[in-house]
Every structure is written in structure tokens, then in C-alpha cells.
Amino acid sequence: MKTRQQIYGQEAASILRDVSMYHTLTREQLLRLYPGKRDKVEKLLAHLVRQGRIFHDKAADLYCASEDSPGSIDRGLLAAVWVLVDFISQVEYHSACDFPGKIMFFADGEVYEIVPIAVGQEALVGQLLTAGPKDPPKYIVLVDKPEQIAELQIPNASGYCMVSDDGTVQYYQKE
């Protein structure tokens, strides 16, 4: 007979890692990070909250690494997680990364970086990505408005996207 640790240990550790790394995640994001394990993740979230290992802001339905996290939500990172969950069935590994990107992940033998660009930051972030590493990852550029795309000249951009308030991701490509 398997113990609770044997049954839930791997997923519990992964959920703790994700909440700690991304600081604040919605319930739906956590459920979509673990496709096919909805019931198990729901039980683990309740258990981790009861243990005080993560915190649940019931009003916003956010899971946080600390009690004060809901007040300091990184909207760019939260939007980047919505993009990540769209690719989760192909993702081999994912992690938070340094500015200007928010999340990097490996999928289908390629390295991708999700880079949010707020209105007014097009030139700054574009220049940072142009002067980036010699062998850059493929960039998925997350914009606030589709009009920003025309202003961007980013090498290795594999696509552009926008995330609505409900987490729906709309993808664009430059012609």
C-alpha cells in the first residue's frame, strides 16, 4: 500500500516550487500547469494552505508564497504564466528568468523566453533583446496592445501575444 507521501509527494513539491518561483498564481493556472490531475491538485492546494505552506486569497482566488503577496502582484509575470499554460503539454521544464523576460521554458528541443513589454517600453526592451546573448532563445513577446507589435524589431521573436483579464491568450505574427 502506498503512503500519502508516495502518492502526492512529487506533485506537492512541484506545486510548492511553482508558487514559490512565480509568487502568485490563480487557481486555474495551477490546475492547468498539471493537466489531467485536476482533483489531485485541488486536494493538494487545500492541504498546503491548511499546513500554511502557501496562502490563498479567497477574494481574488490567488495562491501566494507569502501572506503579503496579493498586494504586490507582478501582472507581467501573471500574464506570462497564462502563456506558459498554453504550451504546457509540450513543456519539458519551466522557470522564472531575469529581466526583460519573465519565464523561460524548454519545449520540443527549443528554449523559449516569454517577454512582456508594457506600453512605452518597446524601444528599451527591444534594444535589450537585440543586444542580448550570442545564441538567444526564441522570444514569445507579450504586449498590452496589438499596436505595439509594429513598433518592435526583436530578433528571434517566434510570435507575439496578448492576454485578456480572463487568461485567454491571443497570438499574432508579424507579416
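Author: Gladly; please keep in mind that this is a predicted model. We can start with A96, which has its place in strand 4.

Reader: What makes A96 count as buried, partly exposed or exposed?

Author: The relative accessibility of A96 is 31%, and since buried means under 20% and exposed means over 50%, A96 counts as partly exposed.

Reader: Which residues is A96 in contact with, once its neighbours within four places in sequence are left aside?

Author: A96 is in contact with M21, Y22, K102 and I103. Of these, Y22 is 74 residues away from A96 in sequence, while the C-alpha atoms of A96 and Y22 are 6.7 Å apart in space.

Reader: Why is V81 called buried?

Author: V81, a residue of helix 4 (residues 75-87), has a relative accessibility of 0%, which is under the 20% limit, and therefore V81 counts as buried. Neighbours within four places in sequence aside, V81 is in contact with Y22, L25, Q29 and I103. The C-alpha atoms of V81 and I103 are separated by 7.6 Å, although the two residues are 22 places apart along the chain.

Reader: What is the largest nonpolar core made of?

Author: That core has 37 residues, and those with the most contacts inside it are I15, Y22, V83, L84, I103, F105 and I114. Several elements each supply at least two of its residues, including helix 1 (4-22), helix 3 (38-51), strand 5 and strand 7 (138-143), but the largest share, eight residues, comes from helix 4. Apart from this core lies another one, of twelve residues, among them V125, L129, V143 and M162. As a general background, nonpolar side chains in soluble globular proteins tend to be buried together.

Reader: What does I15 touch, not counting residues up to four places away in sequence?

Author: I15 touches L30, Y34, V41, L44, L45 and L48.

Reader: How do you know that R32 and D86 form a salt bridge?

Author: The closest N and O atoms of R32 and D86 are 3.1 Å apart, and because a salt bridge asks for such atoms within 4 Å, the pair qualifies as a salt bridge. R32 lies in helix 2 and D86 in helix 4, so the pair ties together parts that are 54 residues apart in sequence. R32 is partly exposed at 29% relative accessible area, and D86 also counts as partly exposed, at 34%.

Reader: What makes D74 and K102 a salt bridge, and where do they lie?

Author: Their side chains meet at 2.7 Å, N to O, and since the limit is 4 Å, the pair counts as a salt bridge. The pair links distant parts of the chain, with D74 in the loop between strand 3 (62-64) and helix 4, and K102 in the loop between strand 4 and strand 5, 28 residues apart. D74 is partly exposed, with a relative accessible area of 33%, and K102 is partly exposed, with 23%.

Reader: How many salt bridges does a search of the whole structure find?

Author: The search finds eight salt bridges. One of them joins the side chains of R17 and D18 at 3.0 Å, N to O; R17 counts as partly exposed at 32% relative accessibility, whereas D18 is buried, with a relative accessible area of 2%.

Reader: What is the nearest side chain of opposite charge to E113, and how far away is it?

Author: It is K102, at 10 Å; because a salt bridge needs its atoms within 4 Å, E113, which is buried, has no salt bridge. E113 has its place in strand 6 (residues 110-117), and its side chain reaches the backbone nitrogen of G101 at 3.5 Å.

Reader: Why is the ring pair of Y93 and F106 called tilted?

Author: A search of the whole structure finds four aromatic pairs. The rings of Y93 and F106 have their centres 6.2 Å apart and their planes at 40°, and since under 30 degrees counts as stacked and over 60 as edge-to-face, this pair is tilted. The pair links Y93 in strand 4 (residues 91-96) with F106 in strand 5 (residues 103-107), 13 residues apart.

Notes: Residues numbered from 1 in each chain as written. Predicted model: local features only at pLDDT ≥ 70, side-chain atom pairs only at ≥ 80, totals over all residues. Heavy atoms only, no water. Helix = DSSP H or I, 4+ residues; strand = E, 2+ residues; numbered from the N terminus. Buried < 20%, exposed > 50% of the residue type's maximum accessible area, 1.4 Å probe, protein only. Lys, Arg positive; Asp, Glu negative; His and termini not counted. Polar contact = N/O pair within 3.5 Å; in protein donor to acceptor, adjacent residues only side chain to side chain. Phe/Tyr/Trp six-rings, centres within 6.5 Å; stacked < 30°, edge-to-face > 60°. Contact = heavy atoms within 4.5 Å. Core = buried A, V, L, I, M, F, W, Y, C linked by side-chain atoms within 4.5 Å.
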